[in-house]
Amino acid sequence: IPFNLGKAIKDKDPAHNIELMPGDVVTIFGVDDIPVPLEKRTQFVRLGGEVKVPGIYQVSPGETLPQLVQRAGGLSRDAYLYGTVFNRESTRVQQQENLNQAIRRMEAQVQAQAATTVQNVYDKDSISNSQAQAAGQRMMLERLRNLKASGRIALEMDADRPELPALTLQDGDSITVPSKPSFVAVFGAVLAENSFIHRSNGTVADYIDKAGPTREADLEAAMLIRGDGTVLSNRAQRSWVGFGNMSFMNTRLQPGDSIFIPEVVDRRSAYTQFIQGAKDWTAILYQFGIGAAALKTLKN
């Protein structure tokens, strides 16, 4: 027997405030059980950081990100719009599902590789090496399982003239506008994993030179993690540009950017053995919303 809960409780309408009988079951459905139109949903988003009035806002259907920031009084004097972090719950769920699927595929590949190696190795030393490699791969898989997708959506703004895109807000969105950082981070296969003062004309090559790449550094697989959440890959740019890697190395950095340099695969360590089967870190970072902090966790 359908009834209107509002009319039953608030209005005491006898047509809806039905007298209950022993054995009756009353079920109140939510929007997750029965999808309802957006204009009938109550939606809240979190806005924080360098805005005049941070807080949790109820948004109207169709309200966009710039409209919300304007309603919050606009940006503060120290706002770094280019580095705005925009997280969406529905995106996080999808990213986590994709990450879990990728981990399952990698796990199957590791198991198949281990089985093949055991069947084709006969001396004790080779068996010990294979077992050590398999143990390292399982350890890396365990680290991957502990990673959690953030749900971050890259806003892809122009670094010189950043403008918030007219992105329609959804329930559960979280927006953080940081203050402008003064540093650029370099980590991975370098002598000095550190943060360096940002220089307006500094390029990727300049900061790699400051950090000092090690002999095992795989510069061709270096990655630039932008402050807006996008990722540039040296190897990907080389394949598209077609005239070497100077386009990537000459890329001008923005405050808050990070450079990651992996080790060469030929070292055959547990870390590089695993990466050999999943080398495209750009896709992992971008599609699963995994940032520089998570990549450091994997490396360590």
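A: A polar contact is a pair of N or O atoms within 3.5 Å, where one atom must be able to donate a hydrogen and the other to accept it. Keep in mind that the model is predicted.

Q: Which backbone oxygen does the side chain of Thr 251 reach at 3.0 Å?

A: At that distance the side chain of Thr 251 reaches the backbone oxygen of Ser 247. The side chain of Thr 251 also reaches the backbone oxygen of Phe 248, at 2.9 Å.

Q: Where is Thr 251 in the chain?

A: Thr 251 sits in the loop between H7 and E9.

Q: Is Thr 251 buried or exposed?

A: Buried means under 20% relative accessible area. Thr 251 has 12% relative accessibility, so Thr 251 counts as buried.

Q: Apart from neighbours within four places in sequence, which residues is Thr 251 in contact with?

A: A contact means heavy atoms within 4.5 Å. With those neighbours left aside, Thr 251 touches Gly 202, Thr 203, Val 204, Leu 224, Arg 226 and Leu 232.

Q: How do I read a salt bridge, and how many does a search of the whole structure find?

A: Side chains of opposite charge can pair when their charged atoms come close. Here the search of the whole structure gives five salt bridges. One of them joins the side chains of Arg 71 and Glu 63, with 3.0 Å from N to O. Arg 71 is partly exposed, with a relative accessible area of 42%, whereas Glu 63 is buried, at 7%.

Q: Which residue forms a salt bridge with Arg 88?

A: The partner of Arg 88 is Asp 173, and their closest N and O atoms are 2.7 Å apart.

Q: What does the side chain of Asp 160 meet in a salt bridge?

A: Asp 160 meets the side chain of Arg 252, at 3.3 Å from N to O. This pair links distant parts of the chain, 92 residues apart: Asp 160 is in the loop between H4 and E4, and Arg 252 is in the loop between helix H7 (246-249) and strand E9 (258-261). Asp 160 is exposed, with a relative accessible area of 55%. Arg 252 is partly exposed, at 35%.

Q: How many aromatic pairs are there?

A: To read such a pair, look at the distance between ring centres and the angle between ring planes, since planes over 60 degrees apart count as edge-to-face. The count comes to two aromatic pairs. In one, the rings of Tyr 80 and Tyr 82 have centres 6.1 Å apart and planes at 65°, so the arrangement is edge-to-face. Both Tyr 80 and Tyr 82 are buried. Phe 187 and Phe 260 also form an aromatic pair, which is tilted, with 5.3 Å from centre to centre and 40° between the planes. Phe 187 is in strand E5 (residues 183-188) and Phe 260 is in strand E9, so the pair ties together parts that are 73 residues apart in sequence. Phe 187 and Phe 260 are both buried.

Q: Which residues form a nonpolar patch on the surface?

A: The patch consists of Ile 1, Phe 3, Leu 5, Ile 9, Ile 18, Leu 20, Val 26 and Ile 28, which together have about 780 Å² of accessible area. Take Ile 18, found in the loop between helix H1 (5-9) and strand E1 (43-49). Ile 18 counts as partly exposed, at 36% relative accessibility.

Q: What lies in strand E2?

A: Among the residues of strand E2 (residues 55-59) is Gly 55, which counts as partly exposed at 25% relative accessibility. Leaving aside neighbours within four places in sequence, Gly 55 is in contact with Val 45, Arg 46 and Leu 47. The C-alpha atoms of Gly 55 and Val 45 are 8.6 Å apart, and the two residues are ten residues apart along the chain.

Q: How many helices and strands are in the chain?

A: The chain has ten helices and nine strands. Of its 300 residues, 37% count as buried. Among contacts with a separation of 6 or more, 68% are between residues 24 or more positions apart. The accessible surface of the chain is about 17,500 Å², and 51% of that surface belongs to carbon and sulfur atoms.

Note on methods. Residues are numbered from 1 along each chain as its sequence is written. This is a predicted model: local features need pLDDT of at least 70, side-chain atom pairs count only at pLDDT 80 or more; totals for chains, interfaces and linings use all residues. Side-chain values use heavy atoms; hydrogens and water are left out. A salt bridge is a side-chain nitrogen of Lys or Arg within 4 Å of a carboxyl oxygen of Asp or Glu. Buried means under 20% relative accessible area, exposed over 50%, partly exposed in between (1.4 Å probe, protein chains only). Helices (H or I, at least four residues) and strands (E, at least two) are DSSP runs, numbered from the N terminus. Patches are made of residues with over 30% relative accessible area and no salt bridge: like charges are joined within 9 Å, nonpolar side chains (Val, Leu, Ile, Met, Phe, Trp, Tyr) within 5 Å. Accessible areas come from the Shrake-Rupley method with a 1.4 Å probe; for residues, only the protein chains shown count as cover. Rings of Phe, Tyr and Trp (its six-membered ring) pair if their centres lie within 6.5 Å; planes under 30 degrees apart count as stacked, over 60 as edge-to-face and the rest as tilted.
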